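Please keep the sequence and the 3D view open as you read.

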Amino acid sequence: MDPDDTADDQTLFSCAICGLSEGDASNLTTQNTLQTNATVGCGHQFCTSCVERELSRRKTFPCPICETVVQRVTLSSTRTLDDVLCEKDTTWRRRILQVYNKVEKDFPTLLEYNNYLEEVEDISECVFFLEKSERNV
């Protein structure tokens, strides 16, 4: 896996202003949701605390990553921690399936194919466990 992909995941699931992600233990009590600036096409994430702070100072503010104007009406509904974790799991699963991409007709028997699928699932679970343990460090 490309190290740049991991860096992209970190920015994808973190606040564009303060850099904290929903998975950060220090972040769970005060900034437990991210808002997406999706309506204007930017798509960058902002935690609720940063949005409230910036919008209390002025009616709009520029996205620190791409300079797109952010205002309250352009912010989509919030995502929960479960949503973000599910998206991360899906991203990892897609990456794993790019490497382990055999289909049933690649195997002489259905049993061998099912065993292969079990091995892929075991690999996925290991990746999820390692990713989760890195988040908690």
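## Ground rules

This is a predicted model, in which local features need pLDDT of at least 70 and side-chain atom pairs count only at pLDDT 80 or more, while totals for chains, interfaces and linings use all residues. Residues are numbered from 1 along each chain as its sequence is written, and side-chain values use heavy atoms, with hydrogens and water left out.

## The chain as a whole

The protein chain has four helices and four strands, arranged along the sequence as α-β-β-α-β-β-α-α. Helices (H or I, at least four residues) and strands (E, at least two) are DSSP runs, numbered from the N terminus.

Of the 137 residues, 31% are buried. Here buried means under 20% relative accessible area, exposed over 50%, and partly exposed in between (1.4 Å probe, protein chains only). The accessible surface comes to about 8700 Å², and 53% of that belongs to carbon and sulfur atoms; areas come from the Shrake-Rupley method with a 1.4 Å probe, and for residues only the protein chains shown count as cover.

## Two nonpolar cores

A nonpolar core is a set of buried Ala, Val, Leu, Ile, Met, Phe, Trp, Tyr and Cys residues joined through side-chain atoms within 4.5 Å. The largest one has nine residues: Ala-16, Cys-42, Phe-46, Val-51, Leu-55, Phe-61, Cys-63, Val-70 and Leu-75. A second, separate core has eight residues, among them Trp-92, Phe-107, Val-120 and Val-127.

Leu-75 sits in the loop between strand S4 (69–71) and helix H3 (81–99), and is buried at a relative accessible area of 14%. Its C-alpha atom is 9.2 Å from that of Phe-46, 29 residues away along the chain.

Which residues of helix H2 are buried? In this helix (residues 48–57) they are Cys-50, Val-51, Glu-54 and Leu-55. Viewed down the axis of H2, these buried residues fall within an arc of 120°, so they line one face of the helix; the arc is that of the directions from the helix axis to the C-beta atoms. Ser-56 and Arg-57 are exposed on the other side of H2. An α-helix has 3.6 residues a turn, so residues three or four places apart point the same way.

## Cysteines without a bridge

How many disulfides are there? The count comes to zero, with a disulfide taken as a pair of cysteine sulfur atoms within 2.5 Å. The sulfur of Cys-47 has its closest cysteine sulfur in Cys-50, at 3.4 Å, which is too far for a bond. Cys-47 is buried at 0% relative accessibility, and Cys-50 is buried at 1%.

## Aromatic pairs

The whole structure holds three aromatic pairs. Rings of Phe, Tyr and Trp (its six-membered ring) pair if their centres lie within 6.5 Å; planes under 30 degrees apart count as stacked, over 60 as edge-to-face and the rest as tilted.

The ring centres of Phe-46 and Phe-61 are 5.7 Å apart and their planes meet at 90°, so this pair is edge-to-face. The pair links distant parts of the chain, with Phe-46 in strand S2 (residues 45–47) and Phe-61 in strand S3 (residues 60–62), 15 residues apart. Phe-46 is buried at 0% relative accessibility, and Phe-61 at 3%. The rings of Phe-107 and Tyr-113 have centres 5.6 Å apart and planes at 50°, so that pair is tilted. Both Phe-107 and Tyr-113 are buried, and ring pairs join Phe-107, Tyr-113 and Tyr-116 into a cluster.
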